[in-house]
Amino acid sequence: MTAYLLRRLLSLSLSLVAASLVIFLVMEVVPGDPASFMMGLNADPQAVAALRSQLGLDEPLPLRYIGWVAGLLQGDFGISYTYRVPVSELIAERVVISLPLTLYALALSTLIAFPAGILAASRRNSAADLTVMGATQLGVAIPNFWFAMILVLIFAVNLRWFSAGGFPGWEAGFWPAIKALTLPAIALALPQASILARVMRSSLIDTLNEDFMRTARAKGLSRGQALWRHALRNALIPVLTIIGLQFSFLLAGGIIIENVFYLPGLGRLAFQAITQRDLIVVRSVVILLVFAVIVVTFLVDLAYAAADPRLRRRRS
Amino acid sequence: MTKNPIAATAVSLLALGLAFGVTPAMAAKMDVTIGMQLEPPNLDPTGGAAAAIDEVVYANVFEGLTRFGSDGAILPALAESWEISDDGLVYTFKLHTGVKFHDGSDFNADDVKFSLDRARAEGSTNAQKALFADIASVDVVDPATVKVTLSKPNGSFLFNMAWGDAVIVAPETAADNAAKPVGTGPFTLTEWVKGDRVELGRYDGYWGTPVKLDKVTFKFISDPTAAFAAMMAGDLDAYPAFPAPENLVQFEADPRFKVITGSSEGETILAMNNKKPPLDNVKVREAIAHAIDRQAIIDGAMFGYGTPIGTHFAPHNPAYVDLTAQSAYDPEKSKALLAEAGVSDLTLSLKLPPPSYARRGGEIIAAQLREVGINTDITNVEWAQWLDDVFKAKNFDLTIVSHTEPMDIGIYARDDYYFQYGDPDFKAIMADLANATDPAKRTELMQAAQKKIADDYVNAYLFQLARAGVISAKLKGIWLNSPTQANDMTGVYWEE
């Protein structure tokens, strides 16, 4: 297990180094100069040059890369070109929205998908199964931003139960903040829940056909008991994989939903920083997301081992 | 499993929604929430050109010696009055007394000297450094009097001092204004939730007429659909520069709202690269100007909002001359001019930045140019790319852009400006204008300048960008026109 962990950690750090290099160079190749963007059409060329040197943009490339990575290792993400505050502060302000939104959506998705998937699998070809399959087909097909707009039209514009978007901040209290995240979380969760329910269903059906399930029934367990005690745990492996992927997707991919609900999350920060050529913010956000994805993949691997003892033995 | 889990989940979600649906009782409204498309990157108007900075802080948080009124007139602000010497070189400003910065410190002539010297210093990052170029020295006479000496007469000096880039800041706090703005205005920054909103609260120590609002919130919603929903849901009280003109009709039909339209300082032009053949030939440029049907672009791209212009000048300015007839839509004349210039089979690059006036307008212009036999090669670019490729590297034939700075006809005198005009006769007119202080003479020169660039067909002048938006029907005192990029909240109030 230790050797396995070390190997995983080494590949994790190599991925990070490679990612940091690619991210840095790509942003360097993209045309556009942050200083001239900030100073506008009427600016005095001298003032633009002064700003460039103030931002450290006239230093040579390798020096800036090393400076950036050295900063990252110490937890210093640098100073945003446009906001002129530490990037870590900006990211911290956004993570407290994006991360809860992701977890909220993931929780909703799981809460909907598990019962639906289990119901469909246990009563295969029944009316319940057909309903779940039909509904999830629709859920997969509907784009989440369109669904988000429909939610806004119904619950914000017509019923006025919710704001059309925005985020009051956690300091406004727990419930107002959760309320602001509710429509976006539902919009994000529904397509994910549909995918997850379908995976849960097919994985469970596969497991129910296994020999050990017949043995369990032969031992005298009822259908329900066999399902809860033996089938569910075995069916979880592919489901965990999907949940891991969905977490990364939701964290990095909430950008469209963040735009529809004008939530100040990580996705919108990255998007805004790209258009303003706030290179240092773009790089830091992207490397953070890469880091999150790698760590989540790592955790999912560990979760497999917990769910399936065979995997643990094979690796040690 | 007898219970249907989906139904159970739906019911609990519904219950959750109902629980959240409770709204607090409405009190007398003393606050206002304004929608804006872009968030300011920082709140220091003296260190960047982003329009969103002035849209939040101009007149609300920071004040200058003079200021713009809603009609574009120059009004006194921190300077109570001024005297100009007969040679037009010395401006003596009498300052208001009893003015305090938001941190409680006193405002006096030293702050004026500091602010002006800082803006014009070497290494200054003031985006409009040219506004201060003619200042030779700034002298403190006494705490309430400051004397500014110019190196040459400048008829637009008081106008220059009204810009957001010329506001007065305190030496102790100037460096931190980006995040913690400290000005002399009637509102002070209370909160900034980055990416979401800026909140301003009333400053009780304000020296001037007290404002009627307790709180102003600027909320940043860039997506037009989201902006529409936010207005409809009552999350916003006003969106003075609404991003999607096509939605305004729906607001007009709703008695809760009022659609406001006014003029802006945005001259929208089809800029041409004057040094790149065949556009260096005035006949070709004239041909392009005659190929364009301005009204079709205003109707098609702006849903009817916009005023046709024939030169680079705002129609609401008293010195404006209507030269649209000179470059009227006339495809036959356009074809004849191209033949005369000996140009055929012409393909020009057309680079379009993101705003809809450019992207939608560009498609229409491309179709109109095709009618006279000019093909275009359209590239959509982001702003940062546009600045690099078009503005700096001058790697373009045609582009569409709105020049939103007030009174910016002076850019035609710059040698290295992106459309590369810099004609010596035009420069001479601008030099005379800078030296002229007599209003009649100034008007005459400004009109000569407008005619000169129209005669030379430097660019094709399309329309003056309208400032069209929507406000709650009970909200009063919002600027209709925008003589500068600002949301002046000092006179805004709710009708009983």
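Chain A is divided into domain 1 (34-76) and domain 2 (88-312), with bounds that come from an automatic or database domain assignment. This is a predicted model, in which local features need pLDDT of at least 70 and side-chain atom pairs count only at pLDDT 80 or more, while totals for chains, interfaces and linings use all residues. Residues are numbered from 1 along each chain as its sequence is written, and chains are lettered from A and ligands numbered from 1 in the order in which they are written. Here is a friendly tour, beginning with chain A.

**Chain A overall**

- Chain A has 14 helices and zero strands; helices (H or I, at least four residues) and strands (E, at least two) are DSSP runs, numbered from the N terminus.
- Taken along the principal axes, the C-alpha atoms of chain A fill a box of roughly 85 × 60 × 35 Å.
- Of the 316 residues of chain A, 41% count as buried. A residue is buried if 20 or more other C-beta atoms lie within 10 Å of its own, exposed if 12 or fewer, and partly exposed in between, with C-beta atoms placed from the backbone.
- Among contacts in chain A between residues at least 6 apart in sequence, 70% join residues at least 24 apart. Two residues are in contact if their C-beta atoms, placed from the backbone, lie within 7 Å.

**The two domains of chain A**

- The C-alpha centres of domain 1 of chain A and domain 2 of chain A lie 39 Å apart.
- Their contact takes five residues from domain 1 of chain A and seven residues from domain 2 of chain A.
- On the side of domain 1 of chain A that touches domain 2 of chain A, helix H2 (34-39) and helix H4 (61-73) of chain A each supply at least two residues.
- By class, that side of domain 1 has four nonpolar, one polar and no charged residues. Ala, Val, Leu, Ile, Met, Phe, Trp, Tyr, Cys and Pro count as nonpolar, Asp, Glu, Lys and Arg as charged, and the others, Gly among them, as polar.

- A:Ser88 sits in helix H5 (residues 87-122) of chain A and counts as partly exposed, with 17 C-beta neighbours inside 10 Å.
- Leaving aside residues up to four places away in sequence, A:Ser88 touches A:Gly75 and A:Phe77.
- From C-alpha to C-alpha, A:Ser88 and A:Val285 are 9.4 Å apart in space, although 197 residues apart in sequence.
- Of the 230 residues in the largest nonpolar core, A:Val285 and B:Leu270 touch the most other members. A nonpolar core is a set of buried Ala, Val, Leu, Ile, Met, Phe, Trp, Tyr and Cys residues joined through C-beta atoms within 7 Å.
- Domain 1 (34-76) and domain 2 (88-312) of chain A both give residues to this core, so it lies between them.
- Not counting residues up to four places away in sequence, A:Val285 touches A:Ile91, A:Leu266, A:Leu269, A:Ala270 and A:Ala273.

**Where chain A meets chain B**

- The contact between the chains takes 50 residues from chain B and 56 residues from chain A.
- Helix H1 (5-20), strand E10 (215-220), helix H5 (224-232) and helix H11 (383-392) of chain B each supply at least two residues of the side of chain B that touches chain A.
- H11(B) gives the most to that side, with seven residues.
- The residues on that side of chain B divide into 23 nonpolar, 15 polar and twelve charged.
- A:Gly40 lies in the loop between H2 and helix H3 (45-54) of chain A, and touches B:Ala49 and B:Ala127, not counting residues up to four places away in sequence.
- With 19 other C-beta atoms within 10 Å, A:Gly40 is partly exposed.

**Inside chain B**

- In helix H9 (residues 331-340) of chain B, B:Ser334, B:Leu337 and B:Leu338 are buried.
- Seen down the axis of H9(B), its buried residues fall within an arc of 100 degrees, so they line one face of the helix; the arc is that of the directions from the helix axis to the C-beta atoms.
- These buried residues of H9(B) pack against helix H7 (282-291) of chain B.
- Just after H9(B), B:Gly342 takes a positive phi of about 70 degrees.
- Strand E16 (residues 398-403) of chain B is mostly covered, with five of its six residues buried.
- Strand E12 (residues 257-272) of chain B runs antiparallel to E16(B), joined by six bridges; two strands pair if DSSP finds at least two bridges between them.
- B:Thr268 stands opposite B:Ser402 in E16(B).
- Strand E14 (residues 346-352) of chain B runs parallel to E16(B), with two bridges, and B:Leu350 has B:Leu398 as its bridge partner in E16(B).
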